[in-house]
Structure formats: structure tokens, C-alpha cells
Amino acid sequence: MEVKATMAGSVWKITVEQGQTIEEGQDVVILESMKMEIPITAEQSGVVKALKVNEGDFVNEGDVIAIIE
């Protein structure tokens, strides 16, 4: 499953690591947009197979942030 950005913004903080087991609803990254912090959460439980962004990267709505299996 792909975790995608719900809006454009900068990746302020990555809260998971590759290989980490996460639960549905857990924060994956926190975006900063218009001086607000927007958490992007996992839509299912699983293992983080890949992180596609780094802290400080700019993402657009729909960009893939992480892969969870």
C-alpha cells in the first residue's frame, strides 16, 4: 500500500523507519504547510518497506511518501 501526501507541503518530520511495524492510523510523516503541521497516517497496519521522502523535501498532493506491506 502506498501512503500518499494529502496536500502539498514540506516534510517536517518522519516518524517511522524502514522495516518498522506500524499500526493503522499511526503517523508516518508530518508535513508543514502554511505554518500548520499535518500528520499523514497509515491507512493499514504493516511493515514500512520503503520511505520515498527525506525530511525537508517538498511534496505535492498525491506524491508517494512511503510503501507499507
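Tutor: Begin with burial. A residue counts as buried when its relative accessible area is under 20%, as exposed when it is over 50%, and as partly exposed in between. Keep in mind that this is a predicted model.

Student: How many of the residues of S8 are buried?

Tutor: In S8, 4 of the 5 residues are buried, and the strand is mostly covered.

Student: What does the record say about this chain, and what is the make-up of that stretch?

Tutor: UniProt, in an unreviewed entry, places the feature "domain: Lipoyl-binding" at residues 1-69. Over those residues the chain is 54% strand and 0% helix.

Student: How should I read the strands?

Tutor: Start from the general idea. Strands of a sheet pair through backbone hydrogen bonds, and the pairing is either parallel or antiparallel. Then ask for the order of the strands.

Student: In which order do S1, S3, S6 and S8 stand?

Tutor: The order is S1-S8-S6-S3, an open sheet of 4 strands with antiparallel pairing. Its edge strands are S1 (2-4) and S3 (21-22), each of which pairs on one side only.

Student: Where can I see the pairing of S8 residue by residue?

Tutor: Take S1 and S8, which pair in the antiparallel sense over 3 bridges. Lys4 stands opposite Val64 in S8, and the bridge partner of Glu2 in S8 is Ile67. S8 is also joined to S6 by 3 bridges, and these two strands run antiparallel. There, Val48 has Ile68 of S8 as its bridge partner.

Student: Which side chains meet in a salt bridge?

Tutor: Those of Glu2 and Lys4, with an N to O distance of 3.6 Å. The structure holds 1 salt bridge. Glu2 has a relative accessible area of 41%, so the residue counts as partly exposed. Lys4 is partly exposed too, because its relative accessibility is 41%.

Student: What is the order of the strands in the sheet that holds S5, S4, S2 and S7?

Tutor: Read it as S5-S4-S2-S7; these 4 strands form an open sheet with antiparallel pairing. S5 and S7 (58-59) are the edge strands, pairing on one side only. S2 and S7 share 2 bridges in the antiparallel sense, and Gly9 has Val59 in S7 as its bridge partner.

Student: How do I find what lies inside?

Tutor: Look for buried nonpolar residues joined through their side chains. The largest nonpolar core has 18 residues, and the members that touch the most others are Val28, Val29, Leu31 and Ile65. At least two core residues come from each of S2 (9-14), S4 (27-33), S5 (36-41) and S8 (64-68).

Student: Which residues are in contact with Leu31, leaving aside its neighbours within four places in sequence?

Tutor: Among them are Ala5, Met7, Val11, Trp12, Ile38, Ile40 and Val59.

Student: Is Ser33 buried or exposed?

Tutor: Ser33, which lies in strand S4, is buried, because its relative accessibility is 9%. Its side chain reaches the backbone oxygen of Ala8 at 3.1 Å. Setting aside neighbours within four places in sequence, Ser33 is in contact with Met7, Ala8, Gly9 and Ile38.

Student: How should I treat a residue that is between buried and exposed?

Tutor: Leu51 is a case, found in strand S6 (residues 46-51). With a relative accessible area of 26%, Leu51 is therefore partly exposed. Beyond its neighbours within four places in sequence, Leu51 has contacts that include Ile14, Val16, Ile65 and Ala66. Leu51 and Gln20 are 31 residues apart in sequence, and their C-alpha atoms are 11 Å apart in space.

Student: Where do Met34 and Lys35 lie?

Tutor: Met34 lies in the loop between S4 and S5, and Lys35 lies in the loop between S4 and S5 as well. Met34 is exposed, because its relative accessible area is 65%. Lys35 has a relative accessible area of 80%, so Lys35 is exposed.

How values were computed: Residues numbered from 1 in each chain as written. Predicted model: local features only at pLDDT ≥ 70, side-chain atom pairs only at ≥ 80, totals over all residues. Heavy atoms only, no water. UniProt positions renumbered as here; feature names shortened; annotations may be inferred. Core = buried A, V, L, I, M, F, W, Y, C linked by side-chain atoms within 4.5 Å. Buried < 20%, exposed > 50% of the residue type's maximum accessible area, 1.4 Å probe, protein only. Contact = heavy atoms within 4.5 Å. Pairing = 2+ DSSP bridges. Salt bridge = Lys/Arg side-chain N within 4 Å of Asp/Glu carboxyl O. Polar contact = N/O pair within 3.5 Å; in protein donor to acceptor, adjacent residues only side chain to side chain.
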